[in-house]
Amino acid sequence: MAELDKKSVDATPNVTEVATVNAGSETESVTAFDAPLSQGEPILQVRNLVKHFPLTQGILFKKQVGAVKAVDGISFDLYRGETLGIVGESGCGKSTVAKLLMTLERATAGEVFYKGQDITKLSGRALKAVRRNIQMVFQDPYTSLNPRMTVGDIIGEPYEIHPEVAPKGSRRQKVQDLLDVVGLNPEYINRYPHQFSGGQRQRIGIARGLALNPEIIVADEPVSALDVSVQAQVINLMEKLQDEFNLSYLFIAHDLSIVRHISDRVGVMYLGKMAEIGTDTQIYDYPTHPYTQALLSAVPVPDPSAREGRERIILSGDVPSPANPPSGCRFRTRCWKAQDKCATEVPLLAIPERFKASETPAAHESACHFAEEKDIVHVA
């Protein structure tokens, strides 16, 4: 993985102060996006991001009766050259975060700062410039590629939207170069998606994401639809490309082993909120939030001797509805540590008081009133 500067490696606390850029026009906004970053400055800063989907009632006269709180106030930083993994069970809001960062969905509240400028309210040329620098790799390689377009047209389509990146005469060669970069034969440029396997299709999706020379790639479960052996090939390719192009990844997945392999830092989401965040070692070897501990205890362990003495944490109840989340701590209805305080006070994502003065890796941010270490069998 890419070498990180010291500030991002010692990534507690989770967020830094935002140095905002005041751009009075679209031209100034576009210029600001091309400015170089200072040493140790985050390339992307998310602050209190919220997305509520309205629940309506009625046919002719629709009335809002509630809202699905898909993302409900999360904050994090992403540094140049690092991979931030986001994990959590289905429905916790991971993919919604990806769409908000790409402005495919408009945020209900909160801010997303790219190089110091809030991109949630941009439109026109400024938004187009942001999307050139922040690209996405989608989850399903079978539905994310247009079956009526050749591979050359799919990868070259970004050049039609951003013609300044590649003049018309050089586009075919650029597409062939991208195919070569992701490990495909450049002669496949005239083939259609149905002529490729799942792993090859995902490589095409990655090539399309690289076409505009972005600085950030949001990868929304890019290997979940692939076989295990193909997953390893795609992950290794992404790591190679990160070093080659100095990319920053937001890597969303539910496979904890894959996330640990590729990520520098990891954030654990539960029901629209961030439960815990820290370096991969802090999260996997020294988890302090009960939800993270339960997730790690569910990962299969291949070593029979380690499996014998392992404590399996079985959570009671079902995941609450995001339309009606519990008061206070959202995990309290399934937590074995829950007390009266958990129902009335929302726990802050912060370093627990008991660990603040220590040098232990457990001193990382956890949204739990009773955060503490628990012996678990570590995920390899």
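Rings of Phe, Tyr and Trp (its six-membered ring) pair if their centres lie within 6.5 Å; planes under 30 degrees apart count as stacked, over 60 as edge-to-face and the rest as tilted. By that criterion, ring pairs link Y270, Y291 and F331 into a cluster. The model is predicted: local features need pLDDT of at least 70, side-chain atom pairs count only at pLDDT 80 or more, and totals for chains, interfaces and linings use all residues. Residues are numbered from 1 along each chain as its sequence is written, and side-chain values use heavy atoms, with hydrogens and water left out.

**Aromatic pairs and a charge over a ring**

- A pair of aromatic rings is described by the distance of the centres and the angle of the planes.
- Searching the whole structure gives 4 aromatic pairs.
- Y188 and F196 form an edge-to-face pair, because their ring centres are 5.7 Å apart and their planes stand at 65 degrees.
- F196 has 6% relative accessibility and therefore counts as buried; buried means under 20% relative accessible area, exposed over 50%, and partly exposed in between (1.4 Å probe, protein chains only).
- The pair of Y270 and Y291 is tilted, with 4.7 Å centre to centre and 55 degrees between the planes.
- This pair links distant parts of the chain, since Y270 is in strand β9 (residues 265-270) and Y291 in helix α11 (residues 290-297), 21 residues apart; helices (H or I, at least four residues) and strands (E, at least two) are DSSP runs, numbered from the N terminus.
- Y270 is buried at 4% relative accessibility, and Y291 is buried with a relative accessible area of 1%.
- K51 lies over the face of F53, 5.0 Å from the ring centre; the criterion is NZ of Lys or CZ of Arg within 6 Å of the ring centre and within 35 degrees of the ring normal.

- Four strands form an open sheet in the order β2-β1-β4-β5, and the pairing is antiparallel; two strands pair if DSSP finds at least two bridges between them.
- At the edges are β2 (63-78) and β5 (117-118), each of which pairs on one side only.
- Helix α3 (residues 94-101) packs on the sheet and touches β1 (44-57), β2 and β4, where contact means heavy atoms within 4.5 Å.
- The direction of α3 makes about 75 degrees with that of β2; axes are lines fitted to C-alpha atoms, for helices over the stretch in contact, and angles run from 0 to 180 degrees between N-to-C directions.
- β4 (residues 109-114) and β5 are antiparallel and share 2 bridges; F113 has D118 in β5 as its bridge partner.
- α3 is largely enclosed by the rest of the structure, because 6 of its 8 residues are buried.
- The buried residues of α3 are K94, T96, V97, A98, L100 and L101.

- In soluble globular proteins, nonpolar side chains tend to be buried together.
- The largest nonpolar core has 53 residues, of which I206 and F251 touch the most other members; a nonpolar core is a set of buried Ala, Val, Leu, Ile, Met, Phe, Trp, Tyr and Cys residues joined through side-chain atoms within 4.5 Å.
- Helix α8 (residues 228-245) supplies the largest share of this core, 5 residues.
- Apart from this core lies another, of 36 residues, among them L84, I119, I216 and L250.
- Beyond its neighbours within four places in sequence, I206 is in contact with V137, V182, V234, L237, M238 and L241.
- Strand β6 (residues 134-137) is covered on both faces, with I134 and M136 buried on one side and Q135 and V137 buried on the other.
- β6 and strand β7 (residues 216-220) run parallel and are joined by 4 bridges; V137 stands opposite A219 in β7.

- Most residues other than glycine have a negative phi, and most peptide bonds are trans.
- T103 is not a glycine, yet its phi is positive, about 55 degrees.
- T103 lies in the loop between α3 and β4 and is buried, with a relative accessible area of 6%.
- E221, also a residue other than glycine, has a positive phi near 50 degrees.
- E221 is placed in the loop between β7 and α8 and counts as buried at 8% relative accessibility.
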